[in-house]
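Here's a walk through one chain of a complex, with the cut-offs spelled out as we go. Have a look at the structure first, then read on.

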Amino acid sequence: MSKGLVLVIDDEPQIQKLLGVILRHGGYEVALASTGQQGLSELVYKKPQAVLLDMGLPDMEGFDVLLRIREFSDVAVIMVSVRGQEEVKVKCLESGADDYVTKPFSAVELTARLAAVLRRKTTPGIVDEVFDNAGLRLEFNTRLVTLQGQAIKLTAIEYGLLIALIKSAGRVLTVRQILRDVWGTDNEEKSNSVRVYMNHLRQKIEEDPTHPKRITNEPGIGYRFNLIS
Amino acid sequence: MERPDPDAVLARVKADDNRRGRLKIFFGMCPGVGKTYAMLQEARQRQSEGFRVWIGVVCTHGRLETEALLKGLEIIPPRIVEYRGTVLQEMDIDAILQIRPQLVLVDELAHTNAAGSRHPKRYQDVLELLSAGIDVYTTLNVQHIESHREDILAVTRVAVAETVPDTILDEATEITLVDLSPQALRARLAEGKVYVPSQAKAAADNFFKTENLTALREMSLRLTAAHVNRNLRSLMSAKGMEGPFKSSERILVAVGATPFSESLIRMTRRWAGMLDASWIVLHVEGSTPLLEIHKESILKNLALARQLGAEIVHQVGDDLADVIMEIANKEHVTQIILGKSPQKPWQRWLGIPSLADKLVGLSGQIDVHMVRISTGEKSFPKKSKQLFSQYRFRQYLLSLGMFAIATLISLLLQNFTGYQTLGVLYLLTVVLSGAFLGRTAAFMLATLSALAWDFLFIPPKYTFTILHSNDIALLVMFFVSALMMGHITSKLRRQKELEHKQRLRSEALYELTRSLAVSTDLSQAMRVATLQINLLCHSLSAVILVDEMGQPDLKQRMGDPIELTDNQEGLIQWVVNNKKAAGRFSDTLPQQPLMYLPLMTSGQVRAVLLIKLLKDRPLDLAQRTLLESFTALMTVMLEKDALLKISREAKMKEDTQNLQSALLDNLSHELKTPLTIIAGYLDALVLYHEWPREALDLLSESRLACLRLTSCVDAVLDLTKLDTGNLKANYSLCEVKDILHEAIKQAAIGTDKQRVRMDSLQGPLYVKADFYMLTQALKNIIHNSLVHGPEEGIVNVQVRLMDERMMIKVSDEGEGIPQETLDKIFDKFYRGAKTKRGGLGLGLSIAKRFIELNEGSIEAQNLSPQGFMMSVSLPITEKEAIEEHV
């Protein structure tokens, strides 16, 4: 049983082939496109569940393709990038990309990202009344947070942060997205607050705060809340 | 090791160069108060503090206490000059510049140097020492200050020949008043402590009278107080950068050729000093040609004004009041100063308003001050002399000629026409004479004509008697209208002449501006400018460009080929260094045949203009003002050229940067795509297929090699970006453990991860840094330890706070490196002698540069008995600063 159709938009035939192998082994069907234009029309005709979009295409920039996609579709989009394009990555994430992978990526990493993004797309919002992952438990009605059965006291901002992270579990959130979600502001100057509160939260919900596992930093981008299996 | 940034070094050197020496003046009311003594005492104090103090010149006048102070101070030997049989000793400025003491003592600032010295006056030597960055102590008496000369004369009846301009007081960083009461001074005089006894008596009687001394003392006290006051004000507004003048007052004084103008200029300077105002000296050139002697005295007055720090404005026009008001309004003058000149009685009688009346009527918001001018011993050259000047003489001769011709024609015509018509002929002659020969000639002709007409033609002939009363009326009317016509036509002529002069000036300027505007390059523009200068001054001229380092480019000379001796080339360098004109008509080496004028933009000499006059005659006023306008235009040209060059370079740099950046992106893509593909396929092979154990090992190894190659490519790219300036730091608040986790994740591949132990303080620790750079730096350091430590050895990463800084220590249990190569490990491509595995030798070099870009430092040391440690020190962000953000 297929997990869904993934459209790969990349001009390198070998990368296309590689992604094809990894995706098929991960249980997905694959459609291929070599240019931005072709990708857009494939998207219209084949209606895939997710798109892997390269940042640099021969006819247009990946970012522009993303903007065109978002004009008519809310399909899951993962950007494929190289190192050192942090600014562009942040721009993409804030313009509607769901996540990104950096070349060279590992097969495990890619499929995990894809799964997280698709899960969020298929179950929008929080349906469950309780979040429970590897000893961290949150009851949304009562706002009760426990770690390995012990109740944790969180401040309003820390609780807000945790909710925002859980809602996007497995996915990267940019600092600005967090600012908008939790602080309700676009003011970049407050971005240091995000870093400071994120560390406060880590002290409370990580088993070993010096080796954080749940909340990891994405250099130059933001934070990711990992589900521990 | 990182080399020091050459630009920074250069800036530092320049700043040192630009440091101007400090001038301290020991100031007194008259000789004998102990200025030299005070100066020497203070100099000894400086010397004991470790300053290099030398004596440039000190005159002890044989005073014993003063001579005693000389002991232990080093003296620069004087220059021996022979002048008309006498041997003189002068301060050796070249020797001082060569020795370059930190502080030099130069006694008697107002001294006049022997003829043939570099500068005519000693204070000019001092100014040069100051611009060379040498501190100077000097002594000065109040009577030697230029603007006080007249007062001194009035008080003491002693004319002072040696003066220094008032601006030298502004130059002084400090003025110390050496004060002594008149009684005490007279007592010292009586004891013979001031002059040698034989002279003492005569001197005391003439100069050292108690009332003289009291007046001089008051003057010196007031001057010192004014200086202190000004210093305070300039200190207070030092940060404001409001320009040199703090008050908004602007004073204008109109001067002419009169000797009173000199006092007027001095007085205005003092006034401007008190008000802290800028001041303008205006000279209005009328249409009447000036006598040589007047021209000289105007030039002298204007030179004095320039020396005293005035702004000089030169304007052509006949109506003095109108011109003064025009300039006053244009220059935003707030006060006008006028010398009170007595109005001529007939003018008062006719009700003709005086200049002062007119100005008061026109001045509006501007204050007009009338100043009484003491009619001193000097007298203004009388008009009578003017009557017989060569120029006038020719005019009178010509008008006499015209008169003779008119009379001749009249004699011929008298038989055909009535005598009345002849009057009209005479009138015509007067008009012509007024139009071409000037007013005086016309008036003379009018009188002569009236007399001749009466004598020769009006009946009865050959007598001055007139029979008919209407003939009397005719003659009177003739005379009056002749005078009026003469006056009006001569005035018209003068106006035309003025316009012509003005037009010539504007045309010359316009011509230069136009030629400059169409010149395509600097050398063409400069050639055009030198041509115009040659036309103006009857000279040869050339422009020598000066490069950014202040070196004149002697080979590239624009304009006429002027041969230069070594000394002259040296003088060009002097002009560049001192930012002052030199050579002919200047203060420095005026006996030189060439004029050396600096062309300056924003405080730097960009070029030196050489002018060789073909006739050795001083330039007149019009030539000088035009020359100034020319040089101003040339300066604009130079500035334009410099700006063009800068913008061109900036554009080129930007283009190169963009190209490099695009190239690097491309390179990065081309190198990494195949690596991604290989690593990905290997990954897929391991994950999705069954392999014998041995094959699985090979595949994993290949994958690791591939990752290593990737990080190698990253390192090379990072370094290239650093070197070409394509990597910009992006600072934000970073948590150190985040950085370390990322660094360890990237550094330790496979099982190496277990070899890294992190030991950090509890709680978050923040630094302001570029996350990427710091991660790469620490990754490289940790990777280095993993590689060079023993195979299964542990790498400890320790985070501590020490002295307000964060210390990250990475240590391994390896053998370390030989002590002597410790400082080499951060060099590019340096690889230790026993380096086991591959690597480019770039990792630590990159790490060091990244850390330094984040205001950190890195050190390496061997541990005893075994091990090697690298310590990174970073500035921490204070708790308060973090909480501010929250």
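A crossing of two helices is called left-handed if the near helix is turned anticlockwise from the far one by less than a right angle, and right-handed if clockwise. Helices (H or I, at least four residues) and strands (E, at least two) are DSSP runs, numbered from the N terminus.

Some bookkeeping next. This is a predicted model, where local features need pLDDT of at least 70, side-chain atom pairs count only at pLDDT 80 or more, and totals for chains, interfaces and linings use all residues. Residues are numbered from 1 along each chain as its sequence is written, while chains are lettered from A and ligands numbered from 1 in the order in which they are written.

**Confidence**

pLDDT is the predictor's confidence in each residue, from 0 to 100. Chain B has a mean pLDDT of 80, with 89% of its residues at 70 or more. For the complex, the predictor gives an ipTM of 0.80 and a pTM of 0.48. Two residues are in contact if their C-beta atoms, placed from the backbone, lie within 7 Å. Over residues 8-16 of chain B, pLDDT stays under 50, and the model has 1 contact beyond four places in sequence for them. Residues 375-387 of chain B also stay under 50, with 8 contacts beyond four places in sequence. Where pLDDT is low, the predicted coordinates should not be read in detail.

Two packed helices are described by the angle between their axes and the distance between the axes. Here axes are lines fitted to C-alpha atoms, for helices over the stretch in contact, and angles run from 0 to 180 degrees between N-to-C directions. Angles under 35 degrees count as roughly parallel, over 145 as roughly antiparallel, 65 to 115 as roughly perpendicular and the rest as oblique.

Helix 20 (residues 469-518) of chain B and helix 21 (residues 522-537) of chain B have axes that come within 9 Å and cross at roughly 165°, so the two helices are roughly antiparallel to each other. Their crossing is right-handed. On the helix 20 side of chain B, the residues are B:A508, B:E511, B:L512, B:S515 and B:L516, and they meet B:A525, B:V528, B:A529, B:Q532 and B:L536 of helix 21 of chain B. For the classes, Ala, Val, Leu, Ile, Met, Phe, Trp, Tyr, Cys and Pro count as nonpolar, Asp, Glu, Lys and Arg as charged, and the others, Gly among them, as polar. This contact divides into 7 nonpolar, 2 polar and 1 charged residues.

How do the axes of helix 20 of chain B and helix 23 of chain B cross, and within what distance do they come? They come within 11 Å and cross at roughly 15°, which makes helix 20 of chain B roughly parallel to helix 23 of chain B. This crossing is right-handed. Among the residues involved are B:L509 and B:T513 of helix 20 of chain B, and B:F630 and B:M637 of helix 23 of chain B. By class, the contact has 9 nonpolar, 2 polar and 1 charged residues.

**Two sheets**

Two strands pair if DSSP finds at least two bridges between them. One open sheet of chain B has 5 strands in the order 15-14-18-17-16, with antiparallel pairing. Helix 21 of chain B lies across strands 14, 15 and 18 of chain B, at about 150° to strand 14 of chain B. Helix 23 of chain B packs on the sheet too, touching strands 17 and 18 of chain B, and its direction makes about 45° with that of strand 17 of chain B.

The other open sheet, also of 5 strands, runs 20-22-23-25-24 in chain B with mixed pairing. Strand 20 (756-759) and strand 24 (857-862) of chain B stand at the edges, each with a single partner strand, so one side of each is left without a neighbour in the sheet. Neighbouring strands are turned by 20° against each other on average, direction ignored. Helix 26 of chain B lies across strands 20, 22, 23 and 25 of chain B, running at about 25° to strand 23 of chain B. Strands 22 and 23 of chain B form a hairpin with 2 residues between them, and B:D803 in the turn has a positive phi of about 50°.

Some antiparallel pairs from these sheets:

| Strand pair | Bridges |
|---|---|
| Strands 14 and 15 of chain B | 4 bridges |
| Strands 22 and 23 of chain B | 7 bridges |
| Strands 23 and 25 of chain B | 8 bridges |

**Where chain B meets chain A**

The contact takes 32 residues from chain B and 25 residues from chain A. Helix 23 of chain B gives the most to chain B's side, with 14 residues. By class, that side has 14 nonpolar, 11 polar and 7 charged residues.
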